[in-house]
Amino acid sequence: QVQLVESGGGLVQPGGSLRLSCANYGNIFGTYVMNWYRQVPGKEREWVASLTGGGSTNYVESVKGRFTVSRDNAKNTMYLHMNSLKPDDTAVYYCNARILFPPPTGDYWGQGTQVTVSS
């Protein structure tokens, strides 16, 4: 069973930084990808960044150079380090685990954490 819990959101001024955490209270093994998504009311959920089990990372163009995804295996926690934040980064941020193999495959989601970038 995979249980994801995000934390670290809040209100920050433009240009500021935040670190989001995604704690996994279950077992993730095999072939998988961990993702961060974000969603603004009235819009579709947007993929932001990914981290594979092998350690490869990828980012949506709008956050490249500003956001960094990392993990601490000892703590079963993934992080999203967000720097140079902009008002357009305001959203609810979700942690996602996509299990590719072995079965059962599928997506697991956290409850989300609000990030507001405003002066």
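Rings of Phe, Tyr and Trp (for Trp, its six-membered ring) pair if their centres lie within 6.5 Å, and a pair counts as stacked with planes under 30 degrees apart, as edge-to-face over 60 and as tilted for the rest. By that rule, a search of the whole structure finds 1 aromatic pair. This is a predicted model, in which local features need pLDDT of at least 70 and side-chain atom pairs count only at pLDDT 80 or more, while totals for chains, interfaces and linings use all residues. Residues are numbered from 1 along each chain as its sequence is written, and side-chain values use heavy atoms, with hydrogens and water left out.

**Sheet and strands**

- An open sheet of 4 strands runs in the order β1-β3-β8-β7 with antiparallel pairing, where strands are DSSP runs (E, at least two residues) numbered from the N terminus and two of them pair if DSSP finds at least two bridges between them.
- The edges are taken by β1 (4–7) and β7 (67–72), each of which has a single partner strand, so one side of each is left without a neighbour in the sheet.
- β1 pairs with strand β3 (residues 18–24) in the antiparallel sense over 4 bridges, and serine 21 in β3 is the bridge partner of serine 7.
- Asparagine 24 belongs to strand β3 and counts as buried at 12% relative accessibility, where buried means under 20% relative accessible area, exposed over 50% and partly exposed in between (1.4 Å probe, protein chains only).
- Leaving aside neighbours within four places in sequence, asparagine 24 is in contact (heavy atoms within 4.5 Å) with Val2, Gln3, Leu4 and Asn76.

**Salt bridges**

- Side chains of opposite charge can pair when their charged atoms come close.
- The whole structure holds 5 salt bridges, each being a side-chain nitrogen of Lys or Arg within 4 Å of a carboxyl oxygen of Asp or Glu.
- Arginine 38 and glutamate 46 form one of them, at 2.7 Å from N to O; arginine 38 is buried, with a relative accessible area of 7%, whereas glutamate 46 is partly exposed at 31%.
- Arginine 66 forms another with aspartate 89, with the closest N and O atoms 2.7 Å apart.
- Arginine 66 lies in the loop between β6 (57–59) and β7, and aspartate 89 in the loop between β8 (77–82) and β9 (91–101), so the pair ties together parts that are 23 residues apart in sequence.
- Salt bridges link Arg38, Glu46, Arg66 and Asp89 in a network.
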